[in-house]
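Trainee: I would like to learn how to read helix packing and chain contacts in a model. Where do we start?

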8 protein chains.
Amino acid sequence: MRDILDAVADGELSPTAAEAELRGYARTDAGRFDAARAARTGIPEGIIAAGKTPEETASMAVAAVETTECALVTRVDATTVEACRTRLDERFPDADVAYDDRARTLVVHAPEYEPPSLSATAAVVTAGTSDAFPAGEAAVVLEEIGARVERIDDVGVAGIARLFDRLDAIREADVLVVAAGREGALPTVLAGLVDVPLIAVPVSTGYGHGGSGEAALAGMLQSCAPLMVVNIDAGFTAGAQAGLIARSISAARAE
Amino acid sequence: MRDILDAVADGELSPTAAEAELRGYARTDAGRFDAARAARTGIPEGIIAAGKTPEETASMAVAAVETTECALVTRVDATTVEACRTRLDERFPDADVAYDDRARTLVVHAPEYEPPSLSATAAVVTAGTSDAFPAGEAAVVLEEIGARVERIDDVGVAGIARLFDRLDAIREADVLVVAAGREGALPTVLAGLVDVPLIAVPVSTGYGHGGSGEAALAGMLQSCAPLMVVNIDAGFTAGAQAGLIARSISAARAE
Amino acid sequence: MRDILDAVADGELSPTAAEAELRGYARTDAGRFDAARAARTGIPEGIIAAGKTPEETASMAVAAVETTECALVTRVDATTVEACRTRLDERFPDADVAYDDRARTLVVHAPEYEPPSLSATAAVVTAGTSDAFPAGEAAVVLEEIGARVERIDDVGVAGIARLFDRLDAIREADVLVVAAGREGALPTVLAGLVDVPLIAVPVSTGYGHGGSGEAALAGMLQSCAPLMVVNIDAGFTAGAQAGLIARSISAARAE
Amino acid sequence: MRDILDAVADGELSPTAAEAELRGYARTDAGRFDAARAARTGIPEGIIAAGKTPEETASMAVAAVETTECALVTRVDATTVEACRTRLDERFPDADVAYDDRARTLVVHAPEYEPPSLSATAAVVTAGTSDAFPAGEAAVVLEEIGARVERIDDVGVAGIARLFDRLDAIREADVLVVAAGREGALPTVLAGLVDVPLIAVPVSTGYGHGGSGEAALAGMLQSCAPLMVVNIDAGFTAGAQAGLIARSISAARAE
Amino acid sequence: MRDILDAVADGELSPTAAEAELRGYARTDAGRFDAARAARTGIPEGIIAAGKTPEETASMAVAAVETTECALVTRVDATTVEACRTRLDERFPDADVAYDDRARTLVVHAPEYEPPSLSATAAVVTAGTSDAFPAGEAAVVLEEIGARVERIDDVGVAGIARLFDRLDAIREADVLVVAAGREGALPTVLAGLVDVPLIAVPVSTGYGHGGSGEAALAGMLQSCAPLMVVNIDAGFTAGAQAGLIARSISAARAE
Amino acid sequence: MRDILDAVADGELSPTAAEAELRGYARTDAGRFDAARAARTGIPEGIIAAGKTPEETASMAVAAVETTECALVTRVDATTVEACRTRLDERFPDADVAYDDRARTLVVHAPEYEPPSLSATAAVVTAGTSDAFPAGEAAVVLEEIGARVERIDDVGVAGIARLFDRLDAIREADVLVVAAGREGALPTVLAGLVDVPLIAVPVSTGYGHGGSGEAALAGMLQSCAPLMVVNIDAGFTAGAQAGLIARSISAARAE
Amino acid sequence: MRDILDAVADGELSPTAAEAELRGYARTDAGRFDAARAARTGIPEGIIAAGKTPEETASMAVAAVETTECALVTRVDATTVEACRTRLDERFPDADVAYDDRARTLVVHAPEYEPPSLSATAAVVTAGTSDAFPAGEAAVVLEEIGARVERIDDVGVAGIARLFDRLDAIREADVLVVAAGREGALPTVLAGLVDVPLIAVPVSTGYGHGGSGEAALAGMLQSCAPLMVVNIDAGFTAGAQAGLIARSISAARAE
Amino acid sequence: MRDILDAVADGELSPTAAEAELRGYARTDAGRFDAARAARTGIPEGIIAAGKTPEETASMAVAAVETTECALVTRVDATTVEACRTRLDERFPDADVAYDDRARTLVVHAPEYEPPSLSATAAVVTAGTSDAFPAGEAAVVLEEIGARVERIDDVGVAGIARLFDRLDAIREADVLVVAAGREGALPTVLAGLVDVPLIAVPVSTGYGHGGSGEAALAGMLQSCAPLMVVNIDAGFTAGAQAGLIARSISAARAE
């Protein structure tokens with residue numbers, strides 16, 4: 001502890017980083033940032049922009065970089081991206097800032113950040129174009145955890161030949177994240193064809209009865225082929241748990 | 001009208017049959033029997049045993065045979081079947097009485113009844129064993145309307161190879177009735193592979209969230225491949241409308 | 001395959017059209033376009049504008065015309081129509097572009113396109129003015145499939161005399177699509193009066209409990225007269241399946 | 001008050017009746033009986049047997065007769081009827097006890113009871129046989145309030161000619177109670193054809209989505225023709241309010 | 001019929017009015033106007049502005065005045081009111097046009113219109129300020145039907161003394177319309193205190209679980225004191241049926 | 001710890017009691033019994049009989065008495081009571097065993113048990129007879145915590161005079177538990193009349209829409225008068241928290 | 001009463017204040033203000049800005065200050081705050097006006113107002129940043145009732161060490177208000193660790209199935225540790241009842 | 001194929017086993033048994049006894065042993081177990097038949113069966129006693145797949161110290177299955193403390209709002225700590241996917 005305080009006194013450590021070191025979290029205007037999350041759970045603390053002002057999000061992104069050398073912001077829009085870039089530019093002008101508009105994510109790496117790298121592959125599979133947002137979010141989280149990510153798009157069951165075309169590629173992955181909206185049948189069909197862990201992501205497409213992803217969620221929970229499910233549009237959750245699976249496999253390979 | 005009354009006077013026509021002739025329906029202890037239904041809508045009036053006492057059901061079955069020379073009773077159990085047989089034996093000892101315990105139907109044909117015969121085929125397809133009840137009900141209704149019925153069972157998507165094995169047989173039908181429970185994905189997959197009318201029947205299997213057929217119903221309504229839907233377990237409805245489609249095609253063939 | 005590649009080399013075939021020929025689908029910025037859909041299922045691949053940017057929709061419309069000589073875009077708004085017209089004008093200046101603001105559809109025919117023509121009629125029936133959108137969508141799909149379409153409007157059951165006035169016209173059709181909101185009683189009443197296949201479309205009118213079309217959907221599924229149902233506002237689905245029925249009848253007539 | 005206590009002392013008044021006189025309610029083993037209800041609201045206090053033991057119900061029926069000279073018990077079964085008869089026979093051997101097994105009601109009149117009689121008519125209309133229970137309950141309540149009751153049965157919309165046959169009879173009533181299950185369309189159709197107050201009773205028939213009367217309830221609340229609704233199977237409520245309407249009209253006629 | 005056509009020829013009757021005379025309804029750009037509704041059901045045809053363009057609403061309002069000498073438009077906003085005034089000014093410059101912004105209604109009377117007048121009173125009771133919209137709508141409908149209307153506001157049960165203060169005034173009415181949001185307890189409490197027909201209107205106030213009026217609706221349907229219910233915010237329906245009750249009582253008084 | 005082990009060795013302490021002393025919980029065939037619960041949270045660990053076999057319940061009751069000198073079993077039926085009595089008689093022949101059939105509770109006190117006694121009063125108020133089960137459960141829990149309990153029954157709002165008769169008694173309590181089914185209006189009316197903490201308990205009475213206590217729960221959550229709510233029929237929870245409030249007040253009085 | 005009227009005549013009392021004195025409530029443009037609420041129930045009448053125009057809210061705030069020397073406005077936005085400030089400045093230029101943008105409350109104290117002060121403490125605990133609104137609302141209500149308020153923020157269970165860090169502070173309070181969104185697990189965990197009354201507030205965060213606070217509400221009602229619940233986001237209700245508990249404890253301390 | 005037919009001819013292979021070899025599934029009275037499932041997906045085909053007659057279940061169990069040398073039957077009751085034992089004894093007298101009454105599973109191993117064995121561990125964690133059924137089912141499936149299984153019971157969050165006592169044991173596992181009913185908070189708390197994949201199983205305990213496991217399911221889907229979810233009581237699904245994860249890790253260890 002004395003070392004940390006000395007480093008603060010010497011200006012080598014910001015008070016935010018020092019607090020994170022001592023307590024495991026940093027305080028910001030927009031609440032606490034749980035800097036110890038990744039160490040404790042293997043999953044980086046994501047900052048959800050939805051429901052926060054752009055300034056609050058930017059302030060948490062800065063705290064994240066300050067304490068963990070990286071930041072992962074989800075559900076961003078253009079205004080939030082702008083606010084983050086401005087604040088990050090001031091504080092970490094050399095940081096690498098990557099915005100993915102389909103996935104609606106913003107990923108920040110400080111120059112000194114050493115991203116993890118796993119020897120395991122996750123395939124992120126979508127039924128159609130409208131599944132791009134949660135699938136993209138899952139892919140970004142997986143990449144941050146260090147997994148190799150394979151994207152397999154537009155293989156929905158309405159034209160099932162498309163799925164069979166890509167089956168070999170899918171089977172090569174160590175774990176699958178499968179996003180589908182409307183009736184959400186793709187994960188069920190796929191789970192009957194592969195022998196690796198499969199996480200299904202219901203997507204909030206569709207209208208009328210069972211719209212907003214409720215039909216897809218219910219169908220995945222009732223699937224006649226066993227599979228795991230996350231909440232509607234919960235790409236982050238799917239990517240995080242798929243990342244843990246990839247991490248375990250990678251660690252086992254390294255044993 | 002005079003002819004009818006004369007026939008009653010002569011004992012050639014029962015009062016029940018005379019009333020049906022004059023008004024289009026017959027009165028029974030258990031309510032009216034709509035004897036003109038088949039003529040008006042092309043669909044025989046089904047007698048739903050569920051919610052009636054065995055005696056009420058038997059009384060309506062007798063009225064049906066008396067006025068239309070046939071009866072179609074659905075959702076029967078063993079006690080109801082017994083009650084119907086007893087009453088029918090007294091009144092129509094020569095009638096043909098057929099009980100299907102999987103379909104839970106009882107079909108009665110008076111000796112003089114001439115069943116319709118269509119030159120059109122309906123395939124009744126199931127995902128698994130537990131879909132036998134509504135699929136069977138649909139098949140019986142289709143047969144009463146006169147369609148040729150092809151049964152294709154156990155082709156659920158969890159082992160999709162089974163479906164492809166039977167695809168040629170399925171494609172030969174003029175209209176499809178497809179029953180599936182749990183997540184109900186089979187009709188969606190099939191609708192992307194065929195070019196004939198397809199009626200999906202959600203089945204009340206499954207448990208937990210979306211159980212009792214609600215997940216299957218919602219998924220079929222949201223299907224990314226266009227298809228028609230009936231209520232959960234509504235085999236009669238599916239068979240009746242598939243029968244109308246078969247009848248139209250058969251009539252067109254005869255033009 | 002060599003022929004196709006030669007044609008591309010000679011500039012007689014665009015790469016998009018060549019890919020569609022070879023794989024059955026074309027890739028666009030907004031995802032794949034399933035060019036083989038109509039051949040496989042008898043139903044043209046509809047492009048749903050809702051949930052896409054005007055540019056994405058326009059890009060898919062162009063791919064559709066390029067590969068199938070026609071395009072059918074649904075749930076369009078004014079901006080999307082404008083974007084489509086602009087892109088189509090550049091690429092297919094002689095195409096016929098028809099926008100129906102009530103049905104919210106955009107239909108495009110290349111000059112060389114030969115639309116199908118069936119000898120079968122579908123009646124599209126509405127209960128009231130607010131059913132115009134899904135009814136119109138169903139009618140447009142039916143026309144694209146080649147059916148003759150008869151429109152019967154404003155015959156809701158609150159003034160049931162209006163329905164009886166039009167009953168003869170309704171009975172002449174080979175198949176019925178019946179759209180109704182609020183309590184959705186019209187299809188039930190009608191199904192007791194006709195002997196042709198009937199597809200009910202619940203419409204998202206009404207407010208309070210059972211609003212957004214849920215009361216109409218539940219009522220149609222529970223109908224005491226057998227009928228087929230599609231999801232709330234699902235005019236495309238109703239039109240597509242009614243089109244398959246019309247196509248089967250037409251083919252039977254031609255046998 | 002002294003008079004009442006004197007009457008108790010003289011054995012002319014039971015303590016229960018005295019308590020009811022003084023407080024407006026009587027205490028029983030099964031809770032209070034609100035003897036002043038009819039005077040205050042024009043609606044007799046109904047004793048709901050469902051959820052009570054036969055003994056509790058019988059005890060409340062005795063208290064009802066003791067304090068108001070009559071009793072109205074609803075949702076009875078055979079055991080409860082037996083228990084009531086036994087207890088009533090002991091205490092009020094001359095009372096008139098009427099059990100209606102379709103309506104599941106038990107009505108008790110002490111010999112000295114003078115039933116009310118109104119110069120107004122209520123029609124109780126049903127769509128089919130399975131609506132007999134709530135319709136019967138409504139009719140019994142109406143009769144206890146003194147209205148003339150006309151029963152119009154089996155006029156459901158699946159065979160709408162049956163409804164038109166009886167329309168004149170229906171139009172003669174001062175107020176309508178209309179019970180229907182499944183999709184519950186009858187009250188909507190009827191409300192577009194008559195100009196008297198109409199109370200719709202959804203009935204708990206049907207199965208699958210919208211079963212247990214929920215589809216009928218939602219449809220009646222959404223009805224495109226204005227009408228009043230009570231809860232599913234709430235025949236008592238419908239009869240009670242229809243009785244108040246009949247009572248007001250009868251009183252106005254007497255002015 | 002000849003007379004009507006002659007009158008059209010002579011310019012004494014507009015084609016719209018002539019059509020209404022002959023068929024019972026008039027055609028407008030926005031659909032049919034059921035001009036015979038009031039005669040058939042005792043309830044004027046209301047024009048619901050919500051879901052229509054201002055122009056469509058105005059066009060129907062003109063058709064209503066043309067065929068029935070009056071118009072009743074509900075759920076209007078400022079723009080619609082403006083559009084209606086403009087169109088009505090052109091066509092019926094002397095008409096009386098009354099806009100009620102709380103009730104969100106627009107009432108139009110042609111100079112020659114003779115409004116009905118009943119000798120019966122309806123009380124419209126509210127629990128709080130936020131019930132003003134449906135209560136106002138009910139009051140306007142009642143007035144158009146000719147009932148005397150008494151408004152009793154702000155007597156919600158959270159301060160129950162307010163209710164007892166106004167109880168005598170409430171008891172004088174022939175029929176009650178009682179609007180309440182949140183938990184909707186007012187109609188239940190009131191129904192235990194009065195002996196006249198009572199129609200409860202759940203109001204879409206409140207938030208969280210049971211918000212949007214669903215808690216109030218469910219509570220009114222479950223009320224331990226019998227009462228009639230309409231859909232959430234359905235002031236028109238409540239006013240229309242209360243009007244029919246008032247009309248019957250008024251007619252009985254006149255016998 | 002040595003003392004405890006010595007006591008076990010000497011037979012002064014059973015192994016179960018020793019384990020509870022050391023770990024805070026005791027192991028039984030039916031799972032752990034949290035013997036430290038009362039000390040930690042002020043609320044005795046209740047044993048819910050529903051969902052357990054009579055033997056499992058009895059085994060946990062014995063463990064409870066062994067470790068805490070008392071046991072509180074809820075949702076018991078006759079068979080479970082019998083099983084408990086048998087097991088308790090063997091092990092603790094002198095224990096006081098009290099069964100309340102309305103509250104469906106079984107309370108056991110070892111002879112050496114010294115029940116707590118608070119100087120604070122809780123009133124348990126019910127709307128009607130059918131609220132007896134959860135109200136009784138709450139009362140028993142309150143008594144075990146040591147509060148004085150006042151019962152106020154049958155004061156439902158359908159006859160609101162009954163409530164006003166008892167208002168003074170209600171106002172004397174330090175905290176209120178108010179149970180009501182159907183529409184659940186009683187707690188709302190009462191919360192507008194008193195100035196002490198009020199916990200509302202929705203009761204699973206009623207039928208149709210909003211039945212099983214859902215209407216009452218939603219109404220209590222939406223109450224226009226602020227109040228606290230527990231789950232449907234959750235008498236234990238209400239009694240436990242009311243007991244904590246009484247305990248705090250009692251402690252404050254003792255300061 | 002004469003004194004009040006004399007005071008009005010002398011200009012010492014405004015008519016609004018006089019009416020409040022005489023009747024217990026004041027009339028404003030936006031409905032009645034229940035000035036006697038605090039005296040009757042111990043909870044100040046809150047003015048909910050949501051659903052009112054800024055002018056209506058301001059008018060009620062003025063009436064509140066006029067009759068009770070204070071005002072508590074909830075769910076305000078910037079426009080409403082501005083409107084209130086303007087109106088209050090005119091009428092009560094010396095009043096203390098405090099706006100809390102996180103809690104979305106506006107509190108007004110007239111100079112002569114003597115706020116209550118209790119010797120009891122409430123802790124308001126939040127799981128995360130997004131719980132700030134209802135937690136803040138609860139804190140403001142508690143302060144107006146006079147309780148000491150301790151804020152404990154950001155102790156959600158995803159990083160449970162944060163909760164244990166603050167447990168001693170939490171245990172010192174006399175009553176707890178615990179706000180949590182998403183799955184809402186914090187109150188359950190906390191209720192197993194403390195022995196004071198605990199009110200849980202579900203917060204409308206989260207998305208997909210169980211979003212809008214419904215998962216948190218259901219989880220709190222089902223909590224395996226007994227606790228009390230209010231509606232989603234109902235900070236006012238939680239603060240009001242916690243205030244009553246604090247008031248009772250404070251009063252007991254003063255005995 | 002010739003070899004197989006020769007083996008049948010020689011009696012070395014039963015027709016059932018031959019069919020399974022040739023087609024991948026075997027036909028039984030109760031439907032097809034998918035003998036190739038385990039090879040294709042890594043998960044043994046489970047036979048769900050619920051919804052089948054004991055004879056149907058027994059017949060499928062025999063087919064399973066015949067084709068795969070083992071059988072896994074779930075949701076059995078005593079009668080089904082008896083029927084299976086009888087049939088298996090006749091056909092495979094030396095088979096090992098293990099019945100687990102808490103897990104409600106029946107596992108059959110032919111003498112020649114060589115069960116898989118993985119070098120990976122799954123922990124199956126429960127909140128309380130009532131979670132035993134789905135947790136047990138998951139454990140049995142895991143064991144059949146070959147994983148080592150560690151059981152950690154009764155660590156629900158109401159007494160959170162119990163959880164911390166076992167945290168080290170939990171952290172040693174490669175994958176976690178965590179079952180909890182009521183509010184289902186345990187998986188959320190645990191997911192914030194571990195860094196291995198976690199599958200949450202909601203259990204159908206609890207009553208009232210959110211009962212039958214719906215509150216637990218919604219809370220797990222909304223969890224603020226990322227985790228994977230299966231349907232209510234879906235122990236088989238959780239065990240199957242956890243088994244796939246264990247299998248992948250085991251395979252990686254063997255690389």
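Mentor: With the axes: each is a line fitted to C-alpha atoms, for helices over the stretch in contact, and angles run from 0 to 180 degrees between N-to-C directions. Helices are DSSP runs (H or I, at least four residues), numbered from the N terminus. This is a predicted model, in which local features need pLDDT of at least 70, side-chain atom pairs count only at pLDDT 80 or more, and totals for chains, interfaces and linings use all residues. Residues are numbered from 1 along each chain as its sequence is written, and chains are lettered from A and ligands numbered from 1 in the order in which they are written.

Trainee: At what angle do the axes of helix 11 of chain F and helix 11 of chain G cross?

Mentor: Two packed helices are described by the angle between their axes and the distance between the axes. Here, helix 11 (residues 235-254) of chain F and helix 11 (residues 235-254) of chain G cross at roughly 25 degrees, their axes coming within 7 Å. The two helices are therefore roughly parallel to each other (angles under 35 degrees count as such).

Trainee: Which residues of helix 11 of chain F meet helix 11 of chain G?

Mentor: Contact means C-beta atoms, placed from the backbone, within 7 Å. On chain F they are F:Ile245, F:Ser248, F:Ile249, F:Ala252 and F:Arg253; they meet G:Ile245, G:Ser248, G:Ile249, G:Ala252 and G:Arg253.

Trainee: How many residues does the contact of chain A with chain B take from each chain?

Mentor: Chain A gives 27 residues and chain B gives 27 residues. Helix 10 of chain A gives the most to the side of chain A that touches chain B, with 6 residues.

Trainee: What rotation superposes chain B on chain H?

Mentor: Copies are superposed by least squares on the C-alpha atoms of residues with pLDDT of at least 70 in both. The rotation is 90 degrees, with 0.0 Å of shift along its axis (RMSD 0.1 Å). That is the relation of a four-fold axis.

Terms used:
Contact = placed C-beta atoms within 7 Å. Parallel < 35°, antiparallel > 145°, perpendicular 65-115°, else oblique.
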